[in-house]
Amino acid sequence: MRRSVVRGTGHYLPSRVVENSYFEQTLDTTDEWIRTRTGIERRHFAAEDEYTSDLALAAARDALDRAGITADDIDAIVLATSTPDLTFPAVATMVQAGLGMTRGFAYDVQAVCAGFVFALANADGLIRTGQADRVLVIGAETFSRIMDWTDRGTCVLFGDGAGAVILEAAEGKGDSHDRGILACDLNSDGKLRDLLYVDGGVSRTGTAGALRMQGNLVFRHAVEKLAATANRVLDKAGLAPADVDWLVPHQANLRIITGTAQKMGLPVERVVLTVADHGNTSAASIPLALSVADREGRFKQGDVVLTEAIGGGMSWGSVVLRW
Ligand code: ACO
């Protein structure tokens with residue numbers, strides 16, 4: 001049975017780091033409030049002339065370097081973003097051009113903060129069906145471009161960045177001992193769109209718009225839906241929470257992450273946390289966390305790694321894989 005195994009990871013963070021205290025100058029907020037309510041301490045913001053495709057390309061190059069392969073070895077690029085450079089073409093094709101790729105195909109996936117989980121599941125489908133042998137899966141965002149800087153309830157939460165994972169086809173036995181992606185679980189409920197959305201867009205306003213969120217409602221949906229999707233994906237793979245070596249969650253809020261881990265009975269030592277240094281980078285947060293933890297040598301071959309995310313839509317889901 002064809003499986004999608006992780007061949008390499010990479011990431012890129014813009015050089016500008018903004019500490020929580022920066023917001024104390026312009027907003028009625030404090031470092032203390034942001035830390036205790038969210039776990040966020042700082043975030044990176046892209047420079048004015050630095051675009052989502054630049055972040056994505058840098059993460060892609062890092063992943064290729066670390067995997068020891070070149071762009072010629074890649075058959076497809078699937079890129080998750082809600083903050084593309086332009087309405088079209090897809091950011092993925094900009095990365096393809098930037099890498100000098102002259103074959104294969106590239107497209108974007110949009111499921112907001114759940115985008116990377118959707119992109120991983122999508123790439124897994126391409127590999128399983130024989131459409132591609134190696135897929136570069138990227139999450140890249142410049143959420144700083146869609147912030148209302150007067151809204152203290154949102155603008156302190158988000159950051160910019162990109163992460164990339166290279167998936168490669170491998171033969172497995174078809175059981176839970178295989179390396180690679182073991183199961184995926186994707187969900188959306190469009191009735192919940194008013195909880196988290198951007199109030200602009202090409203068709204409706206002709207402007208980029210700004211992010212709007214009912215934070216406390218999002219919070220409540222998040223813990224319940226994330227624990228449910230995580231348990232469901234483990235069940236599909238024939239695994240239990242006790243089998244999970246690493247939970248690599250979407251990094252939106254430390255309280256959501258620990259609440260979900262608690263609900264699943266996972267000790268916090270098994271959770272990869274980057275939210276303090278990155279903030280919420282939407283679709284980039286999981287591949288960033290995977291790459292940072294990989295670089296630290298945390299994952300051993302055969303480890304069970306569980307990812308989960310929720311975002312605007314609302315859309316949420318999870319992927320479980322064996323490293
Ligand atoms: N500084 C100080 N006070 C603030 C700030 C701030 N930065 N932001 C909000 N407050 C105030 C509110 O105005 C409110 O004041 P009020 O009682 O006078 O009206 C008070 O804090 C409490 O507001 P709540 O929204 O109830 O605070 P809560 O404890 O829920 O924390 C937060 C807010 C951090 C946004 C939380 O709800 C949260 O994290 N929700 C999930 C958000 C999230 O993760 N979104 C992303 C998921 S999907 C995606 O990643 C796109």
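Is valine 112 buried or exposed, and how many other C-beta atoms lie within 10 Å? Valine 112 is buried, because 26 other C-beta atoms lie within 10 Å, and the rule is that a residue counts as buried if 20 or more other C-beta atoms lie within 10 Å of its own, as exposed if 12 or fewer do, and as partly exposed in between, with C-beta atoms placed from the backbone.

Before I go on, please keep in mind that this is a predicted model, in which local features need pLDDT of at least 70 and side-chain atom pairs count only at pLDDT 80 or more, whereas totals for chains, interfaces and linings use all residues. Residues are numbered from 1 along each chain as its sequence is written.

Valine 112 sits in the loop between β5 (105–109) and α5, where helices (H or I, at least four residues) and strands (E, at least two) are DSSP runs numbered from the N terminus. Although valine 112 is not a glycine, its phi is positive, at about 50°. Serine 282, in the loop between α8 (275–278) and α9 (285–295), also is not a glycine and has a positive phi of about 55°, and serine 282 is buried, with 34 other C-beta atoms within 10 Å. As background, most residues other than glycine have a negative phi, and most peptide bonds are trans.

On the subject of peptide bonds, the one from phenylalanine 88 to proline 89 is cis, with omega near 5°, and proline 89 belongs to the loop between β4 (76–80) and α4 (91–98). Glycine 313 and methionine 314 are likewise joined by a cis peptide bond, with omega about -10°, and methionine 314 lies in the loop between β12 and β13.

That loop brings me to the sheet. β12 and β13 form a hairpin with three residues between them, and in its turn glycine 313 has a positive phi of about 145°. Strand β12 (residues 304–311) pairs with β13 in the antiparallel sense over eight bridges, where two strands are said to pair if DSSP finds at least two bridges between them; leucine 306, for instance, has valine 320 of β13 as its bridge partner. Strand β8 (residues 180–188) also runs antiparallel to β13 and is joined to it by eight bridges, with serine 188 partnered by serine 315.

Taken as a whole, the open sheet has four strands in the order β8-β13-β12-β11, with mixed pairing. Its edge strands are β8 and β11 (246–249), each of which pairs on one side only, and the twist averages 15° from one strand to the next, where axes are lines fitted to C-alpha atoms, for helices over the stretch in contact, and angles run from 0 to 180 degrees between N-to-C directions. β11 and β12 run parallel and are joined by four bridges, and proline 249 has glutamate 308 of β12 as its bridge partner.

Two helices pack on this sheet. Helix α5 (residues 115–128) touches β8, β12 and β13, and its direction makes about 55° with that of β13, a contact meaning that the C-beta atoms of two residues, placed from the backbone, lie within 7 Å. Helix α6 (residues 215–237) also touches β8, β12 and β13, with a direction at about 35° to that of β13.

Why is strand β13 described as largely enclosed by the rest of the structure? Eight of the eight residues of β13 (residues 315–322) are buried, so the strand is largely enclosed. Both of its faces are covered, with Ser315, Gly317, Val319 and Leu321 buried on one side and Trp316, Ser318, Val320 and Arg322 buried on the other.

Finally, the wider division of the chain. The protein is divided into domain 1 (2–171) and domain 2 (180–322), with bounds that come from an automatic or database domain assignment. Their C-alpha centres lie 14 Å apart, and 50 residues of domain 1 are in contact with 47 residues of domain 2. The largest nonpolar core has 107 residues, a nonpolar core being a set of buried Ala, Val, Leu, Ile, Met, Phe, Trp, Tyr and Cys residues joined through C-beta atoms within 7 Å. Among the residues with the most contacts inside the core is Ala56, which, leaving aside its neighbours within four places in sequence, is in contact with Leu79, Val91, Val95, Ile138, Ala140 and Ala162.
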